[in-house]
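Hi everyone, thanks for coming.

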Amino acid sequence: MMAPAREPGTALALLCRLQAADPLMTLTTAITFTLICENEGICQSELAWLLKAGQHTVSRAVDRLSAPDGSGQGLVERVGWSGDGRLRVRRRSAGGGGRP
């Protein structure tokens, strides 16, 4: 007897949608995108804390989601914060669309 087909959970459904646009999208990058969508103005150290990941891992995920040199997805943009030189992942870009 075959097991019935299951509907994917929210996290899996999100990953599948993002991977349809970018086959190399990782779960960490998908979750990073979700956190940015839900927390505009979040900085990379806050993302690292929420993800329980290193700064380098988060930086790579944000690089993948942003497009400073045209190589990223263009879903988010990095914006300077209060003149202190630190970067924050401020918001979804126009290419980031609505909620994931």
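**A quick tour**

Let's start with confidence: in this protein, helix α3, residues 44–51, scores highest, with a mean of 91, while strand β3, residues 87–92, is lowest, with a mean of 60. Keep in mind that what you're looking at is a predicted model. Across the protein the mean pLDDT is 75, and 64% of the residues get to 70 or more.

Okay, on to the helices. Take α1, residues 10–21, and α2, residues 27–38: their axes come within 10 Å and cross at roughly 105 degrees. Angles of 65 to 115 degrees count as roughly perpendicular, so that's how α1 and α2 sit to each other. Which residues make the contact? On the α1 side you've got Leu14, Leu15 and Leu18, and from α2 come Leu27, Ala30, Phe33 and Thr34. Sort that contact by class and you get six nonpolar residues, one polar and no charged ones.

Definitions and conventions
Residues are numbered from 1 along each chain as its sequence is written. This is a predicted model: local features need pLDDT of at least 70, side-chain atom pairs count only at pLDDT 80 or more; totals for chains, interfaces and linings use all residues. Side-chain values use heavy atoms; hydrogens and water are left out. Axes are lines fitted to C-alpha atoms, for helices over the stretch in contact, and angles run from 0 to 180 degrees between N-to-C directions. Helices (H or I, at least four residues) and strands (E, at least two) are DSSP runs, numbered from the N terminus. Angles under 35 degrees count as roughly parallel, over 145 as roughly antiparallel, 65 to 115 as roughly perpendicular and the rest as oblique. Contact means heavy atoms within 4.5 Å. Ala, Val, Leu, Ile, Met, Phe, Trp, Tyr, Cys and Pro count as nonpolar, Asp, Glu, Lys and Arg as charged, and the others, Gly among them, as polar. pLDDT is the predictor's confidence in each residue, from 0 to 100.
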